[in-house]
Amino acid sequence: MSTIASGQLVGLTRSTALEFSFLLSIPTMIAATGWDLYKEVLHPSAAEAAEIAKPLVMNSERWIVLLIGIAVSFIVALGVVEWFLSWVRKHGLVIFAVYRIALAILLLTLGKQLLGSN
C-alpha cells in the first residue's frame with residue numbers, strides 16, 4: 001500500500017501505481033523464496049539441522065513436485081493479481097483499505113485476548 005500511495009503522491013495514476021507496486025514485489029518475493037530454499041534444502045547449518053527432527057532430502061521426485069508447485073502458484077498468482085487490478089480500477093482503494101484496517105483491528109484484538117489468557 002505504501003508504494004501505491006507514494007506513486008500517487010508523485011503523480012502516477014492509480015492504475016500505474018498498482019502495476020508498479022505489483023511489479024516491484026516480484027523480485028522481492030523471488031529473492032525471499034530463493035533464500036528460504038537455499039537455507040532449508042541446499043545449505044542447512046549444523047544448528048538448524050539439529051533442530052530439524054528429520055533432515056529434508058531432495059530427490060528428483062521432490063524437485064519435480066516443487067517445480068510443479070512453483071508453476072501452479074505463479075499462474076494462480078497472475079490470475080489473482082489481474083483480477084485485483086481490474087477490481088481496484090473499477091472500485092478504488094477505499095473498500096480495500098477499510099477491509100484491511102478492520103481485519104487488522106480484529107486480528108490485534110484476537111491476538112491480545114489469546115496472549116492475555118496465557
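Q: Is Phe-22 buried or partly exposed?
A: In this predicted model, Phe-22 has a relative accessible area of 26%, so Phe-22 is partly exposed.

Q: How many aromatic pairs are there in the whole structure?
A: A search of the whole structure finds three aromatic pairs. In one of them, the ring centres of Phe-22 and Phe-84 are 5.9 Å apart and the ring planes stand at 75°, so this pair is edge-to-face.

Q: Why edge-to-face?
A: Because planes over 60 degrees apart count as edge-to-face, and the planes of Phe-22 and Phe-84 are at 75°.

Q: Which helices do Phe-22 and Phe-84 lie in?
A: Phe-22 belongs to helix H2, residues 14-42, and Phe-84 to helix H4, residues 60-91, so the pair ties together parts that are 62 residues apart in sequence.

Q: And Phe-84, buried or exposed?
A: Phe-84 counts as buried, because its relative accessibility is 13% and buried means under 20%.

Q: Changing topic: which residues form a nonpolar patch on the surface?
A: The patch consists of Leu-9, Val-10, Leu-12, Phe-20 and Leu-24, which together have about 520 Å² of accessible area.

Q: Where does Leu-24 lie?
A: Leu-24 is located in helix H2. Its relative accessibility is 40%, so Leu-24 counts as partly exposed.

Q: What about Ser-21, where is its place?
A: Ser-21 is also part of helix H2. With a relative accessibility of 15%, Ser-21 counts as buried.

Q: Which residues does Ser-21 touch, not counting those up to four places away in sequence?
A: With those neighbours in sequence left out, Ser-21 touches Thr-3 and Ile-4.

Conventions
Residues are numbered from 1 along each chain as its sequence is written. This is a predicted model: local features need pLDDT of at least 70, side-chain atom pairs count only at pLDDT 80 or more; totals for chains, interfaces and linings use all residues. Side-chain values use heavy atoms; hydrogens and water are left out. Rings of Phe, Tyr and Trp (its six-membered ring) pair if their centres lie within 6.5 Å; planes under 30 degrees apart count as stacked, over 60 as edge-to-face and the rest as tilted. Helices (H or I, at least four residues) and strands (E, at least two) are DSSP runs, numbered from the N terminus. Buried means under 20% relative accessible area, exposed over 50%, partly exposed in between (1.4 Å probe, protein chains only). Patches are made of residues with over 30% relative accessible area and no salt bridge: like charges are joined within 9 Å, nonpolar side chains (Val, Leu, Ile, Met, Phe, Trp, Tyr) within 5 Å. Accessible areas come from the Shrake-Rupley method with a 1.4 Å probe; for residues, only the protein chains shown count as cover. A salt bridge is a side-chain nitrogen of Lys or Arg within 4 Å of a carboxyl oxygen of Asp or Glu. Contact means heavy atoms within 4.5 Å.
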